[in-house]
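Reader: Could you walk me through a few spots in this model?
Author: Gladly, let's look at it together.

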Amino acid sequence: MPARLKLMITEGAKQGEEFVFDEHDTFLLGRMPDCHVCLPSDGCVSRHHFMLEVNPPDARLRDLGSLNGTYVNGKKCGGRERGESPEDGAKRKYPEVDLRDKDEIKVGDTVMQVSVELPAECVECGTAIPEAAREQCAWVGGTYICASCRQKRIAANKPKAPEVVRCQQCGKDVSAEVGPGQRGDYVCDACRQKVQADPVALLKVLLEQARQQAQPAINIPDYDIERKLGEGGMGAVYLVRHKKTGQRVALKVMLSKVAVNEQSRKGFLREIETMRALQHKNIVEFLDHGSAGGAFYFLLEYCEGGSVDTLMERRGGRLTLDEAAPITLQALEGLVYAHERGFVHRDLKPQNILLTGTEKRRTAKIADMGLAKSFERAGYSGNTMTGSYGGSFPFMAREQVTNFRYVKPVSDVWSMGATFYNMITGQYPRDFRRGQDPMEVILHGEIVPVRKRDPSVPKLVAEVIDRSLTNNAKDRYQDAEELRRALERAL
């Protein structure tokens with residue numbers, strides 16, 4: 001059983017309602033109908049009062065510029081100043097609160113209790129403990145140990161205490177940082193900060209450990225690292241060259257923000273294997289993958305033309321319609337192929353459209369197809385919506401906040417529309433003002449019609465872009481094929 005987090009409403013109009021989270025998701029409370037808890041008659045509740053991002057067993061609360069603030073264990077979090085408008089209040093950065101088991105959240109007349117359920121697994125071998133056997137397998141700190149591992153510890157004359165979790169980089173005891181009942185490979189917060197700029201340094205350490213333990217892995221020593229190609233909230237990408245063949249490929253490194261046990265590692269890598277089936281000229285080819293400790297690494301096709309956002313920089317911040325349209329149509333071809341096979345990208349933007357070939361015979365390819373979603377589903381990403389997802393906010397459909405877990409192809413349509421919009425105008429569909437909470441912009445910001453940004457955009461093309469960017473998903477093109485056909489006709 002995976003870790004679960006529950007929210008139980010103990011007081012207020014919705015008393016008795018319960019919400020259970022067993023994977024990465026978001027939760028909104030407010031007066032608006034799209035909130036998971038809608039409280040239209042409570043005068044102390046704002047339109048979208050607070051957002052909760054849950055990545056079990058972790059959860060982070062973010063007040064969204066509410067009038068009266070959100071109370072966690074009696075302490076006020078956020079809230080506007082007297083006389084301040086919602087728009088002004090949202091310009092200030094509000095503190096985020098990491099929630100723990102038995103924490104209490106209060107908004108107006110509504111009180112919610114947080115409950116965290118950790119998986120019943122042996123702290124030694126990771127085997128699931130059946131419910132009937134949990135009492136006799138109870139260990140310390142809310143953990144369990146199976147009968148076999150208990151006997152091994154008794155035979156070895158070890159004290160009755162679970163093994164501590166140590167940082168794979170510095171070796172210090174990080175059991176308290178990881179939390180009770182969580183065991184696996186982990187890198188502490190302090191070391192994570194040190195290797196943020198160069199995760200390959202950590203990767204080399206972990207790979208050496210893996211080789212000593214005879215774990216299967218990509219043979220990274222066969223490659224020379226030439227340079228960094230880019231980085232984001234979930235990892236970094238390097239250009240590497242094979243020492244013998246001279247083949248150049250991209251090496252993507254992703255470092256888990258939570259402890260990685262063998263069961264979750266195998267599940268994630270099995271899911272990643274399905275990405276190999278996505279063979280299309282407009283999708284970056286997935287070559288190989290592996291893991292070492294808390295790091296995961298992927299060998300991908302190298303696209304020598306770089307990403308669309310770097311092309312935009314070379315062109316002064318935007319592309320002409322004649323240059324942007326073929327790139328968009330080709331990217332849509334790859335997205336059509338993925339949508340037909342049940343894949344949703346979730347993070348389309350100019351940085352994730354790569355280019356190969358010459359300027360006259362250029363090919364666009366979608367990168368990271370399904371990778372971010374799989375990493376999030378495994379629980380490795382941490383709280384991205386309230387944390388390090390910033391570069392993606394301008395290209396995010398509204399329902400990715402209000403209905404995070406059940407995102408469909410229609411959300412990729414919004415992101416592709418926003419990407420095309422950005423290519424030809426150099427601006428975003430919504431106005432993100434400096435210091436303003438991006439969640440507030442996504443939930444309440446107006447979509448600026450593309451011809452207001454640039455009146456020279458042909459009317460038919462503008463109609464396609466604007467329809468792809470409506471806040472109401474039902475009014476958009478429903479998948480990449482609908483958008484591709486409409487754009488082809490408009491051009």
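Reader: How many residues apart in helix 16 are arginine 484 and glutamate 488?
Author: First, a caution: this is a predicted model, in which local features need pLDDT of at least 70, side-chain atom pairs count only at pLDDT 80 or more, and totals for chains, interfaces and linings use all residues. Residues are numbered from 1 along each chain as its sequence is written, and side-chain values use heavy atoms, with hydrogens and water left out. Helices (H or I, at least four residues) are DSSP runs, numbered from the N terminus. About one helical turn separates arginine 484 from glutamate 488, because their spacing in helix 16 is 4 residues.

Reader: Which residue forms a salt bridge with arginine 484 at 2.9 Å?
Author: A salt bridge is a side-chain nitrogen of Lys or Arg within 4 Å of a carboxyl oxygen of Asp or Glu. Arginine 484 pairs this way with glutamate 488, the closest N and O atoms being 3.1 Å apart. At 2.9 Å between the closest N and O atoms, the partner is glutamate 481.

Reader: Is glutamate 488 buried, partly exposed or exposed?
Author: Buried means under 20% relative accessible area, exposed over 50%, and partly exposed in between (1.4 Å probe, protein chains only). Arginine 484, at 12%, counts as buried. Glutamate 488 has a relative accessible area of 42%, so this residue is partly exposed.

Reader: Which residues are linked with Arg484 in a network of salt bridges?
Author: Side chains of opposite charge can pair when their charged atoms come close. The whole structure holds 25 salt bridges. The network joins Arg484 with Glu333, Glu481, Arg485 and Glu488.

Methods. Helices (H or I, at least four residues) and strands (E, at least two) are DSSP runs, numbered from the N terminus.
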